[in-house]
Each structure stands twice: as C-alpha cells, then as structure tokens.
Amino acid sequence: ARSWLAYRITHHSSAQSPPPPVPRRVLRSSTVLLEVAQRAVSEQRMISIRTSLVCSFLLLFIVPTTMVSSFSAATTNDATSSRATSTSSSYRLRKFDVDKDMDAIHDICRSVYGGADYLPKTAPALASDPHSSFVVLAHINTDRPAAVGNARRFKPNMSWLEAIRTCPDHRGRGLARQLTQSLIDSSHSEHGDAMYSCTVESNVAMRKVFDRTGMKQLGQIHQCSFAELKKLPGWAADGDTAASSVLPEPLLSSLGVGDDSISGVAKQMQLTTISSEDELNKELTQIRDKGGIGHLVGLYELLPDEGVRKSLVAKRVWKLSSKANPKDFALIALVHEAKISSLKSPWVCSISATSMVALEGALWNACSDQCMENIGDHVSFTVAFDICGVPVDSLNVPAAVKALPLTDDACLLFGSTDSL
C-alpha cells in the first residue's frame, strides 16, 4: 500500500488522464494478500484489522486503477483497428486484368530485386493459369492496383502464396496483410487448401504479415547465390563479364572441388532411378519423419507436382542410398526452371538429404555423367536443398558442401498449418 501511494504521488496522476500502470511488484504483493484474505474468509477464520484495512485499500484503489488502464489499452486497440478498417475500405479485391493492369505491375515492381523482378514477365501467364488466383487490391477511386498477389494450387490440399507486392506509395497501410489473409481464406473455403509460402530472413515486413495471418515457420530452404554463381567462368547469361565467354564446367569443378575432396563413404553410395510418384512420395515421407520438409524444394518454393512429374517421366529423379548406413540417403531431382534469366543454364538440382554425407554424395552424383546426360547440352545447374535440420555451418561440413556459395539471407518456409 505504501509503495502504491508513493508511486501515485511521484507520477502526479490526475483525473483528466488515465492513471499510470500498476507496478508489477505491487500487483504481485496485492494478489498474494487478497488470496490470503479470501482463503481466510472461505475457511471462516479471523484476519487482523491491519490486513482487513489493506485489503480494503487494494479493492478501492488498485483494482479500479488496473481496470481503467486495461480499458485505456483496449480503447487504443479499437482505434487502431478502426483505422485499419478505414484503410481497407478504400480498396477492393479483384482479378488481375492483363489489358489494363500491366503498367501498374511495372510501377509496383520497379524497385523489387534491383529492378530485375520476374513478376512483370510472368504476370500474363499467372492470369491465365487455371490453377492460380492472381488478384489485386485496387483503389476504389482509380481502380489502379496498389497491391498484387497470387495463390497457386501446386499439390492436393496445398496452395502456394507468391508474388505479394505493394506499390511504394501505398505501403504501411496493411495491404499486404489484407491481401494475404484474403488469399488464405479463399483457398481454404474454395478448395480446403492449407497455404504455404516463403520469404528471406531479412524481409521483416513479410514475416510480420505471415505472423499476423497465422502462418508459422516450418523450415528452411538452402540455395546458392546467383550473384556468386554468375562469377563462375562461363555461367553468366548476360555476357557482361569476360568469364561468360568461356564454356562452363559442372558445379563442383567450377568451385574447385575435385574427386579427391569427396569422402569414400559418399562415393560408395548407390544411385537408383525413381520412376513413379508413389515411390517418390514414400521416400519423401521417410525424410519428413526424420525431420525434413518432406517435399522437393526449388528456388524460393516447394516444387509443384507438375514440374516433378516432368522430371519423373524424363528419368531425372534419383535416390541415393548407403548400404553401410541405411539412415543416410538423399533424393535428387533435376528440374527446368524458366524463371532463371541471369544464368546460362535454366536447371535446378533439388536435393532432400537426411545427413551431411548424403548431401555430399548427392552433389557429387548430380555432377556425374549419369545425371548430366539428362539435361541436354547444359553441364551446370544451381542447387536448392533441404537437409533435415542439420546445420550447414558446422565444423564437420564436407568440402563439397562448404564450397557452395550459399545465400547469406536464409529462405524461410511458412505455412498456415503446424506441419507440412
């Protein structure tokens, strides 16, 4: 009681403004004292006059003050919610219109990825894709898109959220959150789909959007830096560097990793072709059970079924297994990625591995003639992999893995469910 009186006098609380919050130590002491008094009353025991007076003081001053503070906070939250509602009412959700929205798309994406955003090129295809819901939030007065986004059905009961962009002039108004929530709700109500997506670790704004729409982090996709791959001799597509005029070599050779750097255990692993979806899904389930994602990964995405089927038909999906340790195995898939424009090769090597030695063996086998003969005239590819939660920066990383020019900005996987 004395602490609270001193606190109120020090802060000069007035009737015109809400009282300051009750200090935690006062609340803890008050709670204990009131519980003691309550037990005494329930057990029909006597309490001292001093205790009775203090409890009366608490009920008269502490409890009402706490209620007023809570009411004040609730009022502030209501005001914030009201402003958000007012902002959202200035925009309407509609489908993307190729005939009238392309100029707006170019403006929205002008500063994304340093001006090299893929969305302006792929927008027409997304708009015509029967598996996609490519939508915009347009201002009600001008009907010009202020934000865009797409939800693509890529597996049974699973949709992929992508291409969320907000015009710089309309940022800070909660449009990305509103658009994301709308796509999550529509995918669930129309198809019963859970929503998945990813973003880089440094994109704090998008991570907040995921958090506010109930999406949880489920894993991480490791991948190579295109800026570093372009520096490898013969790898760059734009011809801006002298290195792009020479013929490229396979990934490990380009990184200076020779056969003598590969462990004997990795070299002894056996490579077999996977020819059916059932067989592939069985292996992916085992990887999920060991802590992996349980889906083949691509560049900032989980690979859609359609792309995986094409690789299965073309005999570009393999399992790598070890007789010495059956727990060490990996899945390898070579997938064509049309969105790659800065590298000469449009191929991605997707790897799902259960251990570091399995990842090492997968990289070495993927660069072998047996695998490379399946991608035509190309001899190079970038890499995206999942390794069942094993850290790639530990001291026991094989030379082949350590040489990979991985992105500094981790790609984080999110979902509207607790698991994949």
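1. Glu277 is partly exposed, with 33% relative accessible area. The model is a predicted one. Arg309 is partly exposed too, at 39%. The side chains of Glu277 and Arg309 form a salt bridge, 2.9 Å from N to O. Glu277 belongs to helix α11 (residues 277-289) and Arg309 to helix α12, so this pair ties together parts 32 residues apart in sequence.

2. Arg309 has another partner. It forms a salt bridge with Asp305, where the closest N and O atoms are 4.0 Å apart. Asp305 and Arg309 sit four residues apart in helix α12, so about one helical turn separates them. Asp305 counts as buried, because its relative accessibility is 14% and buried means under 20%.

3. Now a pair elsewhere in the chain. Arg110 and Asp107 form a salt bridge, with their closest N and O atoms 2.4 Å apart. Arg110 is exposed at 54% relative accessibility. Asp107 is partly exposed at 33%.

4. How many salt bridges does the structure hold? The structure holds 16. Some share partners: Arg92, Arg94, Lys100, Asp101 and Asp143 are joined into one network.

5. Next, look at the second largest pocket. Its volume is about 900 Å³. The lining has 29 residues, and the closest to the pocket centre are Arg152, Glu301, Pro304, Glu306 and Gly307.

6. Which element gives the largest share of this lining? Helix α12 (305-313) does, with seven residues. Other elements that each supply at least two residues include α5 (119-128), β3 (145-155) and β4 (158-166). By class, the lining of the second largest pocket has 13 charged, eleven nonpolar and five polar residues.

Notes. Residues numbered from 1 in each chain as written. Predicted model: local features only at pLDDT ≥ 70, side-chain atom pairs only at ≥ 80, totals over all residues. Heavy atoms only, no water. 1 Å grid on protein atoms, 1.4 Å probe; cavity = no way out; pocket = protein on both sides within 12 Å on 5 of 7 lines; lining within 4 Å. Points joined across faces, edges and corners; volume = space filled by probe spheres on them. Nonpolar A, V, L, I, M, F, W, Y, C, P; charged D, E, K, R; others polar. Buried < 20%, exposed > 50% of the residue type's maximum accessible area, 1.4 Å probe, protein only.
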